[in-house]
Amino acid sequence: MLSRYDGDALRARFRGRLLLRRVFAGIRSPAASEAGQRLVLAVAAVSVAWLLGTAAGRQIATAREAERARVQLQVARDVVILTRRDS
């Protein structure tokens, strides 16, 4: 069952964000501007680091899966060879 759409809650949530945006947009001092630029660069750097970290994590997980599959295949081959010898 779908819940009732609550537009007031949605507007209230974004009203605070809009207020902060207007407050910071009103600051025009060079120090505040420089601090804002540093913040944007810091957020961008963290975002890039996170993206690279998740990409590296996916590559590591893929490599582990490939190694596990390789070992399982080798074990299966060894079992087949041993069963043929015993026959």
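The protein has two helices and zero strands. Helices (H or I, at least four residues) and strands (E, at least two) are DSSP runs, numbered from the N terminus. This is a predicted model: local features need pLDDT of at least 70, side-chain atom pairs count only at pLDDT 80 or more, and totals for chains, interfaces and linings use all residues. Residues are numbered from 1 along each chain as its sequence is written, and side-chain values use heavy atoms, with hydrogens and water left out.

**Surface**
- Of the 87 residues, 1% count as buried. Buried means under 20% relative accessible area, exposed over 50%, partly exposed in between (1.4 Å probe, protein chains only).

**Salt bridge**
- The whole structure holds one salt bridge, meaning a side-chain nitrogen of Lys or Arg within 4 Å of a carboxyl oxygen of Asp or Glu.
- Its partners are Glu 67 and Arg 70, whose closest N and O atoms are 2.6 Å apart.
- Both lie in helix H2 (residues 30–86); they are three residues apart, so about one helical turn separates them.
- Glu 67 is partly exposed, at 38% relative accessible area. Arg 70 is also partly exposed, at 46%.

**Nonpolar patch**
- Val 71, Val 75 and Val 79 form a nonpolar patch on the surface, with about 220 Å² of accessible area together.
- Patch residues have over 30% relative accessible area and no salt bridge; like charges are joined within 9 Å, nonpolar side chains (Val, Leu, Ile, Met, Phe, Trp, Tyr) within 5 Å.
- Val 79 sits in helix H2 and is partly exposed, at 45% relative accessible area.

Methods
Areas by Shrake-Rupley, 256 points an atom, 1.4 Å probe, with all protein chains shown as cover.
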